[in-house]
Amino acid sequence: MDGNGRWAKSRGLPRTEGHRAGEDALFDVLEGALDIGLKWMSVYAFSTENWRRPGDEVRFLIGFNEDILLRRRDELHERDVRIRFVGRRDRRVPKRLIKNMDDAIELTKNNKAMTLTVAFNYGGRSEIVDAVRTLVADKVPAERISARSIASRLYDPQMPDPDLMIRTSGESRTSNFLLWQLAYSELYFTDVAWPDFRREHLYQAIAAYQERERRFGGVGE
Ligand code: IPE
Ligand code: MG
């Protein structure tokens, strides 16, 4: 969900107003995704690198994410959305936020329409590092280390590898998002800034995806 700061700046607004405007984008995309029966959607809310931002913006982002979670979790629950989080639960993440995340996970754990995974304090490299730490802690012998044993120790082992990754706002990078899981995902880049992104843009991205030929290293048809 990129481009909030530039969106705000181009309107003479503080960056935080761009983040605020991103909430409408997220919920419109979510409704659009539910309408077409998308079962899994993951959003990058806060990265392990975002701590480098000015303190005020970091505090805003943490508070705003918590605020959205509290204001909208019942609505998500009514929409039959299962909420999950991926990311590092280190000391920098306020305890109260972790409690609110756990409450939302618990509240929605049996929901079936869609799984919404929120990547918070998430970094793809950290995720792989943490998986390797678990392998070592579990005393897994070298010959038993495999793609499968690593994948089973990622933050949410049940999450399927994404078919499609969308990045907004004209940047052509994955920026440490789902590093392991994106190995064979189709990547889609759009100039639309996140606060302007709506379900129609999601559908355009999916239409583009449908034109792709996925070969997974094979030779196709
Ligand atoms: C994305 O918008 C939101 C987060 C990373 C939390 P940005 O804040 O990165 O917006 P730009 O890239 O500066 O425009
Ligand atoms: Mg950005």
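Strand E4 (residues 164-167) and strand E5 run parallel and are joined by four bridges; strands are DSSP runs of E with at least two residues, helices runs of H or I with at least four, numbered from the N terminus, and two strands pair if DSSP finds at least two bridges between them. Leu164 has Glu186 in E5 as its bridge partner.

This is a predicted model, in which local features need pLDDT of at least 70 and side-chain atom pairs count only at pLDDT 80 or more, while totals for chains, interfaces and linings use all residues. Residues are numbered from 1 along each chain as its sequence is written, chains are lettered from A and ligands numbered from 1 in the order written, and side-chain values use heavy atoms, without hydrogens and water.

In a regular strand the side chains alternate between the two faces of the sheet. Buried means under 20% relative accessible area, exposed over 50%, and partly exposed in between (1.4 Å probe, protein chains only).

The buried residues of helix H5 include Gly124, Asp130 and Leu135. Lys139, which follows H5, has a positive phi near 55°.

| Residue (backbone atom) | Distance to an oxygen atom of ligand 1 |
|---|---|
| Gly3 | 3.5 Å |
| Asn4 | 3.1 Å |
| Arg6 | 2.7 Å |

The protein covers 86% of the 380 Å² of accessible area (Shrake-Rupley method, 1.4 Å probe) that ligand 1 has on its own.

Note on methods:
A polar contact is a pair of N or O atoms within 3.5 Å; within protein, one must be able to donate a hydrogen and the other to accept it, and residues adjacent in sequence count only if both atoms are side-chain atoms.
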